[in-house]
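Dear colleague,

I am handing over a structure that will be new to you, and I would be grateful if you could look through it alongside the notes below.

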Amino acid sequence: MAKLDTTGDGNIDMDEFVSFYLDGKMGQAKGKKWTAEMDLLRGAAHRVRAAAHAEFEARIAALQESKQVALRALSTAQEEVVQLTQDKQQLEDKSMSLRAQKEEAEELQEELQ
């Protein structure tokens, strides 16, 4: 595989691969050696694809978990809003009741004077 890296940069770029591939297909490379190197390349490509797929699946799983956490937080927030709305209504009702009681007490006090 190191033989394919003709530029010495540590990577096999498209031009290097195409040149190697065409040499083999056109019979300019030694058959068994070329086949062995192609098998190595196929294996490396398979490992890269498998690693990329595993990373993709892991990211999907993490996103799904994040979505579930966000949905639970939203549900909790909605429940809190409902509870706060009910509490507000109860306080308003209590306030109206106390105002009515206060007015009755004031009226009774005026009658007594």
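What follows is a short account of the salt bridges.

This is a predicted model, in which local features need pLDDT of at least 70 and side-chain atom pairs count only at pLDDT 80 or more, while totals for chains, interfaces and linings use all residues. Residues are numbered from 1 along each chain as its sequence is written, and side-chain values use heavy atoms, with hydrogens and water left out.

Taking a salt bridge as a side-chain nitrogen of Lys or Arg within 4 Å of a carboxyl oxygen of Asp or Glu, the count comes to 4. Among them is the pair Arg 42 and Asp 39, whose closest N and O atoms are 3.3 Å apart. Arg 42 is partly exposed at 48% relative accessible area (buried is under 20%, exposed over 50%, partly exposed in between, with a 1.4 Å probe and protein chains only), and Asp 39 is partly exposed at 46%.

Another salt bridge joins Lys 88 to Glu 92, with the closest N and O atoms 3.9 Å apart; both lie in helix H2, 4 residues apart, which is about one turn of the helix. Lys 88 is exposed at 53%, whereas Glu 92 is partly exposed at 36%.

Glu 65 and Arg 72 also form a salt bridge, at 3.7 Å from N to O, with Glu 65 partly exposed at 45% and Arg 72 partly exposed at 47%.

Methods
Helices (H or I, at least four residues) and strands (E, at least two) are DSSP runs, numbered from the N terminus.
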